[in-house]
Amino acid sequence: METALPAMLVFVVVAAVAPLVYLLHQMLWPFLSCLPLRRKLRQVPGPPGHFLLGHIFDLIANPVHQQLAKWTEEYGPIYKIGLPGAMAVILTEPEAVATVIKVERYDKSAMTYKFMEKITRDTHPNIVTVPTASYHRAIRKAVTPAFSTANLRRFFPELVVLTERLVQQLLTHGSFASLDMDLAAQRLTVDVIGRFAFDRDFNALSSGRSEALEAVGKLMVSLQRDHNPLNRWFWWRKETREFWADRVRFDAIVRRALEDLRERPPAPHCLLSHLLSFTDPNTGKALSGKALRAETATFWIAGFETTAHAIAWALMFIASDEQVEARIAAELDACGLLATPARPEPRPVAWGDLGALRFLNAVIQEALRLMPPAGGGTVRTVPRDTKLAGYDVPAGTVVWIPFYALQRSKGVWGPDANEFRPDRWLAPQGLGPAQDQAPQGPNDDNGGGSGCGGAASSNGAAAGAAAPEEDEVVKAAATASARGWIPFSEGPRNCVGQSLALLELRTVLAVLCGRFRFQLADEMGGVEGVVAASRQETTLKPGEKGLLMHAIPRVAT
Ligand code: HEM
């Protein structure tokens with residue numbers, strides 16, 4: 001008894017102190033371990049911050065994308081910020097950005113991407129999050145054929161059918177009540193992913209409630225709320241429990257869709273058939289169940305919300321600029337794609353139209369510049385001591401390239417950086433930097449049989465050619481920004497789905513603008529109000545109210 005007492009006492013003390021020591025270690029160790037990095041980065045400018053907590057309060061109090069853009073104007077193309085236990089260098093100098101994102105040795109920052117692995121119950125790495133090259137390269141190679149021109153062309157008729165479903169929805173809704181066009185676009189893009197990736201109808205457009213959209217939408221919200229790494233210890237918290245429940249629900253849909261695909265031969269355009277038949281060249285093995293679910297979930301999530309917001313942001317800009325709206329209408333009219341009293345049912349959009357709609361494509365590029373759906377950008381780790389934008393940056397530094405800040409930087413785009421000006425893409429030599437990145441398919445011929453390309457390009461006003469006095473400005477902007485437009489990122493980790501995304505954007509906007517005029521609902525407070533309310537979560541999205549608009553049919557039905 002006498003010997004048991006001290007032992008029990010020791011046990012009680014250890015049990016009480018151990019969690020405290022653990023917590024202190026979790027908080028202090030990252031702080032101590034980044035002290036040498038702080039010292040080495042002391043010449044890099046940056047906003048003043050708290051010595052322990054860094055700039056976390058600025059980033060919580062203000063929308064992250066806007067705060068970074070503000071600091072970019074104040075501190076220039078390279079500056080540092082601190083977070084509790086971490087430092088990051090914010091980079092928006094195009095040359096240096098190109099170095100970082102085009103070189104494979106700059107791995108993705110594991111610290112930053114780890115949380116995205118929680119989209120599946122197995123928390124398995126995936127094509128977006130995996131830092132190292134070999135697994136990434138193998139998956140990338142396997143899925144690339146799905147995004148080829150030939151495959152997109154095969155898929156195009158299905159996309160047109162889905163877009164027509166959206167048109168019917170908007171017609172049924174009527175133009176008096178306002179409608180969240182961001183949500184409407186999400187319904188469309190979920191159905192597109194359903195057909196393109198799973199060869200399956202998710203029915204988000206045709207049914208009032210869509211299990212697939214609800215599940216993935218809720219998961220994205222609760223994933224964002226569950227950012228705190230300590231949450232796994234606090235399983236009783238509402239956020240943690242909700243996140244787990246949403247993950248289970250989403251996981252069940254992914255599993256069901258995969259099982260379904262295994263039971264029947266999928267359509268030739270189906271993205272997942274490439275993953276199902278994948279063999280890793282390094283190991284000769286197929287993807288494990290966990291890896292397959294992780295990739296499936298990733299393609300779904302990476303592909304639906306980004307594209308939906310891109311459609312919504314472009315509509316917002318079109319709706320709030322009468323001249324832009326009129327020029328798009330003139331271009332569509334010249335192609336026979338505009339509903340008019342004489343032509344209440346315009347012909348269906350054809351593959352060959354898409355490359356010919358020069359002004360609409362410039363509008364898309366400009367919208368992707370000002371409101372990049374992946375506005376948070378990309379985060380890399382510097383592999384060895386190097387010089388970036390004139391400063392010494394030591395190995396191990398986390399470099400954060402925020403696309404929103406980069407694409408609005410006055411240093412890159414000039415004094416009108418924050419203005420929506422599609423003409424900057426219409427320099428006489430043709431579209432600016434984005435041309436390399438546009439899907440090759442819709443540009444490469446005029447195969448829709450419409451002859452639209454010829455009609456549009458012979459009509460300067462309709463095609464939106466720049467006014468002569470603007471030419472110098474246009475040229476200058478195009479040159480200065482040659483490397484600053486990277487809404488899909490660049491290099492080996494750029495967006496593998498960008499050809500599909502651009503195909504969707506072009507098709508959907510051509511059809512919607514041909515059938516409707518859009519107006520921002522008064523309560524949105526104009527473009528300024530919407531932009532001010534926008535949030536940078538996993539994607540750059542409209543605020544709480546969504547994007548309320550009126551879709552007014554061009555011809556009353
Ligand atoms: C407008 C729509 C889209 C935008 C703006 C966009 C943007 C991006 C960006 C910036 C990245 C790089 C992320 C990083 O560095 O962390 C990325 C990667 C990726 N995107 Fe997209 N994306 C869009 C649509 C799509 C679509 C439609 C799909 C597929 C269906 C897709 C699939 C992916 C995948 C799988 C990756 C990872 C690629 C890799 O690391 O090799 N995205 N996207």
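**Confidence, ligand shell and burial in a predicted model**

Reply: The protein averages a pLDDT of 85, and 86% of the residues score at least 70. pLDDT is the predictor's confidence in each residue, from 0 to 100. This is a predicted model: local features need pLDDT of at least 70, side-chain atom pairs count only at pLDDT 80 or more, and totals for chains, interfaces and linings use all residues. Residues are numbered from 1 along each chain as its sequence is written.

Me: Which helix has the lowest confidence, and which the highest?

Reply: Helix α21 (residues 460-463) is lowest, at a mean of 28. Helix α14 (residues 322-334) is highest, at 98. Helices (H or I, at least four residues) and strands (E, at least two) are DSSP runs, numbered from the N terminus. Over residues 453-478 the pLDDT is below 50, and this stretch has 51 contacts in the model beyond near neighbours in sequence. Two residues are in contact if their C-beta atoms, placed from the backbone, lie within 7 Å.

Me: What makes up the shell around the ligand, by class?

Reply: It has 13 nonpolar, seven polar and two charged residues. Ala, Val, Leu, Ile, Met, Phe, Trp, Tyr, Cys and Pro count as nonpolar, Asp, Glu, Lys and Arg as charged, and the others, Gly among them, as polar. Of the 22 residues around the ligand, G303, T306, T378, C495 and G497 come nearest. A residue is near if its C-beta atom, placed from the backbone, lies within 6 Å. The largest share, seven residues, comes from α13.

Me: Why is strand β1 (residues 78-83) called largely enclosed?

Reply: Five of its six residues are buried, so the rest of the structure largely encloses β1. Buried takes 20 or more other C-beta atoms within 10 Å of a residue's own; exposed takes 12 or fewer, partly exposed lies in between, and C-beta atoms are placed from the backbone.

Me: How do you know that β1 and β2 pair?

Reply: Strands pair if DSSP finds at least two bridges between them. Six bridges join β1 to β2, which run antiparallel. Y79 stands opposite I90 in β2. The two strands form a hairpin with two residues between them, and G85 in the turn has a positive phi of about 75°.

Me: Which residues of helix α5 (residues 94-102) are buried?

Reply: P94, A96, V97, V100 and I101 are buried. They cover an arc of only 155° around the axis, so they lie on the same side of α5. The arc is that of the directions from the helix axis to the C-beta atoms. Their cover includes β2 (86-91) and β4 (378-381).
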